[in-house]
Amino acid sequence: MRWWWLCTWFVLFWGTVLCGVPQAGAAQAASSEVGDLRLERGEDGLYLSANLQFELPELAEDALQKGIPMFFVADAQVLRDRWYWSDRQVAETTRYFRLSYQPLTRRWRLNISSTPFTNSGLGVVLGQNFDNYADALSSIQRFSRWKIAERDVIESDAVHTVNFRFRLDISQLPRPFQIGAVGRSGWNLLVSRSQRLGAEPAK
């Protein structure tokens, strides 16, 4: 019985600490958007560039300042339009981000990988250090010529739709944080946008 009460107190305590200001998080989520999304056909594939406009939920930023890493996921899905049936998916690409603060050096560390960090190993393709939080967040918000599809899957005479999404991945937070964050607007961060890619002009 004592064990049960301890578990209940633990969950309630973290729920109160982590979810005490949901209104602030909801207001931030409402102002988030994908701005200036551009699609570019290259010789070897399709590229996406975008500028994201968002602020981290207050609870997530506070956890970062305490040394808890935050994880983000961006994914792009390419669909080939079909008038006679549902659109056909021809490509899907995902990028993973890990942002952390190192109190001893007072620096920020951003890692980017094409595979989830739990299994990434050598899959981490980029690691950057920043002197301040604003620069680290700005780096996450900029996507420059991200290759989202190979050239051979993009039909030149067809119309395609690209669905882009960026979100905070609470599934990789420490377990107590997950318990307090699930279903709470104070941890919400999701921006998305769809854009059509027209057929190339006939030569």
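**Exercise 1. Which residue forms a salt bridge with Lys-147 at 3.1 Å between the closest N and O atoms? Then trace the network.**

Step 1. Lys-147 pairs with Glu-150, the closest N and O atoms being 3.1 Å apart. A salt bridge here is a side-chain nitrogen of Lys or Arg within 4 Å of a carboxyl oxygen of Asp or Glu.

Step 2. The model is predicted: local features need pLDDT of at least 70, side-chain atom pairs count only at pLDDT 80 or more, and totals for chains, interfaces and linings use all residues. Residues are numbered from 1 along each chain as its sequence is written, and side-chain values use heavy atoms, with hydrogens and water left out.

Step 3. Lys-147 also meets Asp-44 in a salt bridge (3.6 Å, N to O). Asp-44 sits in the loop between strand S1 (33–41) and strand S2 (45–53), and Lys-147 in strand S7 (residues 142–150), so the pair ties together parts that are 103 residues apart in sequence. Strands (E, at least two residues) and helices (H or I, at least four) are DSSP runs, numbered from the N terminus.

Step 4. Join the pairs. Asp-44, Lys-147 and Glu-150 are linked in a network of salt bridges.

Step 5. Asp-44 is partly exposed at 39% relative accessible area, Lys-147 at 29% and Glu-150 at 44%. Buried means under 20% relative accessible area, exposed over 50%, and partly exposed in between (1.4 Å probe, protein chains only).

**Exercise 2. How many salt bridges does the count come to? Describe the one between Lys-66 and Asp-62.**

Step 1. The count comes to 12.

Step 2. The side chains of Lys-66 and Asp-62 meet at 2.8 Å, N to O.

Step 3. Lys-66 is exposed, with a relative accessible area of 59%. Asp-62 is partly exposed, at 39%.

**Exercise 3. Is Asp-169 buried or exposed? List its partners.**

Step 1. Locate Asp-169. The residue lies in the loop between strand S8 (160–168) and helix H5 (175–181).

Step 2. Asp-169 is buried, with a relative accessible area of 8%.

Step 3. Its side chain makes a polar contact of 2.5 Å with that of Ser-171. Such a contact is a pair of N or O atoms within 3.5 Å; within protein, one must be able to donate a hydrogen and the other to accept it, and residues adjacent in sequence count only if both atoms are side-chain atoms.

Step 4. Leave aside neighbours within four places in sequence. Asp-169 is then in contact (heavy atoms within 4.5 Å) with Phe-71, Phe-72 and Val-73.

**Exercise 4. Which residue caps the N-terminal end of H4? Which H4 residues are buried?**

Step 1. The cap is Asn-132. One of its side-chain oxygens lies 3.3 Å from the backbone nitrogen of Ala-134.

Step 2. H4 spans residues 133–141. Tyr-133, Ala-136, Leu-137, Ser-139, Ile-140 and Gln-141 are buried there.

Step 3. Recall the geometry. An α-helix has 3.6 residues a turn, so residues three or four places apart point the same way.

**Exercise 5. Where is Trp-85, and is this residue buried or exposed?**

Step 1. Trp-85 is in the loop between strand S3 (70–80) and strand S4 (88–102).

Step 2. Trp-85 is exposed, with a relative accessible area of 61%.

**Exercise 6. What is the overall make-up of the protein?**

Step 1. The protein has five helices and nine strands.

Step 2. Of its 203 residues, 40% count as buried.
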